[in-house]
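Here are my notes on this model, point by point. Please keep the structure open while you read.

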Amino acid sequence: MAAEQPTATTRPRPGTGSAAGDATAVAHPNIALVKYWGKRDEQLVLPWTDSLSMTLDVFPTTTRVRLDPGAGEDTVTLDGTPLEGEPRRRVTAFLDLVRERAGSPLRAVVDTRNTVPTGAGLASSASGFAALATAAGAAYGLGLDATGLSRLARRGSGSASRSVFGGFAIWHAGQPDRGGDPDLGSYAEPVPVPVAALDPALVVAVVDAGPKAVSSREAMRRTVATSPLYRPWAASSQADLTEMQEALRRADLDAVGEVAERNALGMHATMLAARPAVRYLSAATVTVLDAVLELRRAGVSAWATMDAGPNVKVLCRRSEADRVAGVVREAVRGGSVHIAGPGPGARLLDAAA
Ligand code: 2P0
């Protein structure tokens, strides 16, 4: 618990308005190869299962948090437009948590710039809350290390805990029955991977950049509560994780892809079996899945994964990514295609940047 508490030296002095109360951070989205789907604790954002992801080197989010001693409420803007409703409530609730830990009453001005299509199952909340946790943690002087930051980011959005780290990261669900503080057991950490040997790329096929009909939060809730396939998937996901870690260690891209694809399809199966069903996959998704199958039949290592939306991310070798992107581009017609590699963890920018 000690690491979670601000120290006397890092606690900001209310009313000073110094540079310590102004921080800017950048973070990148991540794509899970073993998915997070379902919470055992909504308040603390504790998942039922461990998950493992690759942080991308595209679509960064940049967030500035500036404490405002004169303000009666937080000001939150996304790409220059004030946030309202549920998205704003999530940010202010997160800032309340930070304020409580910092022992500070100060409101903040939060300015976020996103380069990922928001709400399209491309993990904008992962980069968003990783950047916000990093910037707010610094602005309010929490003095957290990366593990502490991943716990904090988790409270904003589960997948954000993984975007605190670059490359590959595992988010531990934590042990529900071990006693102690459950918050402490659920954090992310880097997974050592021989990246040069694995040579991974994710070809991101944006078939629809519009907002999703059902939020992932609501979809998870419904799946856990009503899907008869949820528990079997959660159990098999734990086995997938073990296999994934071994495949990554051996830099075996085909094994990594095989496990990632089946884990994602299994997750979507749990949603399709929910009552009522949650279906994020569209006809365009299936067209890209067919193209991926064709690539494999032609001897190219290409494997698909989908999140809370119709877009497809195709895992392949970096050396073959242009070819894969060409085939996928043909398949999505009208959509956009991006090639991503492993990206950096969340970091603070210099005040002058
Ligand atoms: C993941 N997804 O592991 C999974 C796979 C989507 C499908 O994490 O409710 O925005 O804020 O904790 O992190 C999307 O869910 O959900 C997600 P909350 P989050 O990447």
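1. Which residue in β8 is the bridge partner of Leu-78? The partner is Thr-81. Strands here are DSSP runs (E, at least two residues), helices likewise (H or I, at least four residues), and both are numbered from the N terminus.

2. Before going further, note that this is a predicted model: local features need pLDDT of at least 70, side-chain atom pairs count only at pLDDT 80 or more, and totals for chains, interfaces and linings use all residues. Residues are numbered from 1 along each chain as its sequence is written, and side-chain values use heavy atoms, with hydrogens and water left out.

3. Back to the hairpin. β7 and β8 form it with 2 residues between them. The two strands pair in the antiparallel sense over 2 bridges; strands count as paired if DSSP finds at least two bridges between them. Asp-79 lies in the loop between β7 and β8. Its phi is positive, about 50°, although Asp-79 is not a glycine. Most residues other than glycine have a negative phi.

4. β7 (residues 75-78) also pairs with β9 (residues 107-114). Here the strands run parallel, joined by 4 bridges. Val-76 has Val-110 in β9 as its bridge partner.

5. Now the sheets. One is open, with 4 strands in the order β2-β5-β10-β11 and antiparallel pairing. Its edge strands are β2 (30-34) and β11 (188-190), each pairing on one side only. The twist averages 30° from one strand to the next; axes are lines fitted to C-alpha atoms (for helices over the stretch in contact), and angles run from 0 to 180 degrees between N-to-C directions. Between β2 and β5 (residues 51-55) there are 4 bridges. Val-34 stands opposite Leu-52 in β5.

6. Another open sheet has 4 strands in the order β13-β14-β12-β15, again with antiparallel pairing. At its edges are β13 (302-306) and β15 (336-340), and each pairs on one side only. Neighbouring strands are turned by 25° against each other on average, direction ignored. β12 (residues 200-206) and β14 (residues 312-317) share 6 bridges.

7. For Arg-217 the distance is 2.8 Å. A polar side-chain atom of Ser-125 also lies 2.8 Å from a ligand oxygen. For Arg-90 the distance is 3.0 Å. The protein covers 94% of the 470 Å² of accessible area that the ligand has on its own (Shrake-Rupley method, 1.4 Å probe).

8. One last check. The peptide bond from Arg-275 to Pro-276 is cis, with omega near -5°. Pro-276 sits in the loop between α9 (253-272) and α10 (283-297). Most peptide bonds are trans.

Note on methods
A polar contact is a pair of N or O atoms within 3.5 Å; within protein, one must be able to donate a hydrogen and the other to accept it, and residues adjacent in sequence count only if both atoms are side-chain atoms.
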